[in-house]
Amino acid sequence: MRYVSTRGKAPALSFEEAMLTGLARDGGLYVPETIPTMSAADIAALAGLGYEDAAFRVMRPFIGDSFTDGQLNEIIAKAYAPFGHAARAPLVQTGPNQFLLELFHGPTLAFKDFAMQLIGQLFQAALSRRGERVTIVGATSGDTGSAAIEAFRGLAAVDVFILFPHGRVSEVQRRQMTTPSEPNVHALAVDGDFDACQGRLKDMFNDFDFRDGVRLAGVNSINWARILAQVVYYFTAAVTLGAPHRAVSFTVPTGNFGDVFAGYIARRMGLPIDRLVIATNQNDILHRALSTGEYRQAGVAPSISPSMDIQVASNFERALYDAYGRDANAVTQLMDELKTNRGFTISQGALEALREVFSSGRASEAETKATIAEAFHTTGEVLCPHTAVGVKVARAAAVDEIPMVTLATAHPAKFPDAVEAAIGLRPALPSRMADLYDRPERVTRVADDLAAIEGVIRERRAA
Ligand SMILES: *Cc1c(COP(=O)(O)O)cnc(C)c1O
């Protein structure tokens with residue numbers, strides 16, 4: 001199995017190389033050269049399996065000879081052991097043909113744990129075999145950083161540094177980053193906003209002396225291994241609802257387009273998915289693009305679903321690559337245009353290809369809040385604001401007879417202020433992390449200054 005860049009000018013890599021590389025050297029994103037398929041019999045055989053066994057069968061063909069069967073089984077087992085629910089991704093019915101897929105039972109209570117826990121074990125296995133050690137640096141507005149720290153804590157082959165904006169993440173998010181006590185974990189509170197954190201991260205990757213000196217590696221949402229991990233729960237959910245004998249639709253609260261793109265891969269593999277519905281909050285670049293064919297950046301308006309507050313959906317490039325018939329030159333042109341003109345027009349042919357698979361909708365702040373209240377009063381389910389965006393959009397998109405599964409992307413206790421504002425109750429943390437507020441914190445405050453941040457990283461990783 002080889003991976004090629006969406007811009008066509010980087011070398012084809014194995015699964016392991018693509019994972020360790022992250023972003024392709026031509027600025028593109030790695031995608032499998034061909035998408036493996038599963039027959040109806042292969043899909044039917046997933047029925048009733050545990051999550052780990054299903055994960056092995058779905059992911060195996062993408063991994064080639066990077067890992068043996070035994071290694072992959074062990075990696076999957078370690079990745080999902082810390083989850084707080086035996087089903088890992090349980091499905092809950094909320095109405096006739098309406099379901100929630102609960103993806104928040106991982107150690108940091110958001111769906112990013114599914115990918116990050118796996119990638120932590122994959123990195124550890126690959127690096128220890130190569131006798132290498134890397135420094136992972138990430139910037140976060142909250143969920144990604146806590147998931148990365150949780151996934152890499154205590155792993156011998158990795159130091160992990162997370163830059164977060166001082167005073168601008170929720171208390172739960174901050175504590176999830178600052179309370180792990182393992183010496184390879186480093187939370188850095190930057191005196192600046194999220195854009196400043198992301199800016200310094202980019203600067204570090206462009207500082208080749210530093211980059212090579214500390215062996216910098218990235219695990220942001222464009223990493224192919226993260227997408228692959230997310231393909232699995234589309235299969236387990238659809239099979240529970242009758243696939244391959246029955247089609248299922250999914251609505252996905254969307255920011256960077258990683259999660260919904262994993263659904264697209266599941267569909268390409270042969271899973272009978274009728275519609276993939278992109279749900280956006282007021283930062284609706286993807287909904288506008290699908291509706292009008294114009295992909296245009298606008299400023300970000302902060303919302304109560306902050307993990308979906310994006311200007312540009314990085315993984316959309318992968319969908320465009322297929323929609324343009326895998327024409328890397330066409331994709332390169334679009335991305336150049338995005339850089340210079342802050343937008344581009346999708347060709348009629350590509351737009352039709354996208355609309356074959358994807359629908360879209362948006363929820364305003366008021367609609368999100370009203371949906372949290374309504375769901376609570378009619379079902380007793382407490383939704384996080386991201387999930388509420390999904391539920392609102394799913395209702396409008398649902399077709400009779402076809403089950404509609406909305407991805408519940410975070411636990412409500414991760415966003416207690418927004419939930420309390422909607423229903424007047426403060427959601428409690430699951431009992432396994434009820435002592436989060438009592439654990440000691442460890443954090444290094446740094447100036448928004450490249451040299452200062454690089455200095456801290458050099459010193460700490462040596463220690
Ligand atoms: C990251 C995130 C999203 C958006 O997922 P993408 O893969 O970036 O589209 C939605 N909800 C929550 C809670 C998240 O943390």
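Student: Which helix makes a right-handed β-α-β unit with S5 and S6?
Tutor: This is a predicted model, in which local features need pLDDT of at least 70 and side-chain atom pairs pLDDT 80 or more, while totals for chains, interfaces and linings use all residues. Residues are numbered from 1 along each chain as its sequence is written, and side-chain values use heavy atoms, without hydrogens or water. Helices (H or I, at least four residues) and strands (E, at least two) are DSSP runs numbered from the N terminus, and right-handed means that, with the strands pointing away from the viewer, the path from the first strand over the helix to the second runs clockwise. The helix that makes this unit with S5 and S6 is H6.

Student: In S7, which residue is the bridge partner of Leu163?
Tutor: Strands pair if DSSP finds at least two bridges between them. S6 pairs with S7 (residues 185–190) in the parallel sense over six bridges. In S7, the bridge partner of Leu163 is Leu188.

Student: Why is strand S6 largely enclosed by the rest of the structure?
Tutor: Buried means under 20% relative accessible area (1.4 Å probe, protein chains only). Val158, Val160, Ile162 and Phe164 point one way from S6, Asp159, Phe161, Leu163 and Pro165 the other way, and all are buried. S6 is largely enclosed because, of its eight residues, the number buried is eight.

Definitions and conventions. Buried < 20%, exposed > 50% of the residue type's maximum accessible area, 1.4 Å probe, protein only.
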